Amino acid sequence: MSYEFCNLPGMEERNFTDLKEELERRGVKLVAVSKTKTVDNIFEIYWQGQRAFGENRAQELADKQPHLPADINWHMIGHLQTNKVKYIAPFVAMIESVDSEKLLRTISKEAVKNNRIIDILLQFKIAEEETKFGLDFQEAEEMLDNDEIVHLPGIRFRGVMGMASFVDDQDQVRREFRQLKSIFDRLKEQYFRGTSTFDIVSMGMSGDYEVALEEGSTMVRLGSIIFGARN
Ligand SMILES: *Cc1c(COP(=O)(O)O)cnc(C)c1O
């Protein structure tokens, strides 16, 4: 099943303020995933104090951004083709879905062109089920063993992102999140030990964020639990 259309049975919308306060108390950053939602829908959450929003398509993000306040931190969370980077590079705060060296180099080039620093997360394939996107640990090592990559201009490596399998088996979901946390720890040790800003483990969606928090998530990406089910 595609992650884009998952409406979890029995999952209820939560009162936004309660959710926000709970996450703040636990020191976890919230990205409100607004894909398919309107500018008005986003304003509703913005006025309740939310500033980080996530979109999974570059075009949709570039279309919405000019209609919304400039102090929103936009996160790109979906697969990103290199030829689309230029549309979001002027304003995007973080790209969470970096899964190749080619994409890294393109983001670096576009960031420099716009005189900006763009935060990035490396996306890892942690789901046991077949998923298309994401690095495995060995690929990340091969990339980061090149010191030039670690020091590309215009880019700040902030951490890792991953999606667990869309299954009922909570043990499997937990295993997958645990794997991502362990990848984060190893990367930090091997490549970013002196870097205080390599500090983000982005994992947890509406259906599995509680498990993700127990396994060390520092950032959750929540859509339907905030905005209601997507069509
Ligand atoms: C859609 C999406 C989410 C949020 O999904 P919900 O189940 O609605 O919370 C999180 N991460 C990514 C990458 C997504 O595409």
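1. Phe157, Phe184, Tyr191, Phe192 and Phe198 form a cluster linked by ring pairs; rings of Phe, Tyr and Trp (its six-membered ring) pair if their centres lie within 6.5 Å. Over the whole structure, the search returns seven aromatic pairs.

2. This is a predicted model, in which local features need pLDDT of at least 70 and side-chain atom pairs count only at pLDDT 80 or more, while totals for chains, interfaces and linings use all residues. Residues are numbered from 1 along each chain as its sequence is written, and side-chain values use heavy atoms, with hydrogens and water left out.

3. The chain has a mean pLDDT (the predictor's confidence in each residue, from 0 to 100) of 93, and 95% of its residues reach 70 or more. Over residues 1-10, however, pLDDT stays under 50. Where pLDDT is low, the predicted coordinates should not be read in detail.

4. Around the ligand (a heavy atom within 4 Å) are Val33, Lys35, Ile77, Met163, Met205, Ser206, Arg221, Leu222, Gly223, Ser224 and Arg230. This shell comprises five nonpolar, three polar and three charged residues; the classes are Ala, Val, Leu, Ile, Met, Phe, Trp, Tyr, Cys and Pro as nonpolar, Asp, Glu, Lys and Arg as charged, and the others, Gly among them, as polar.

5. The side chain of Ser206 places an N or O atom 2.5 Å from a ligand oxygen. For Arg221, a side-chain N or O atom is 2.9 Å from a ligand nitrogen. Gly223 contributes a backbone N or O atom, 2.8 Å from a ligand oxygen. Of the 390 Å² that the ligand exposes when taken alone, the protein buries 97% (Shrake-Rupley method, 1.4 Å probe).

How values were computed. Polar contact = N/O pair within 3.5 Å; in protein donor to acceptor, adjacent residues only side chain to side chain. Contact = heavy atoms within 4.5 Å. Phe/Tyr/Trp six-rings, centres within 6.5 Å; stacked < 30°, edge-to-face > 60°.
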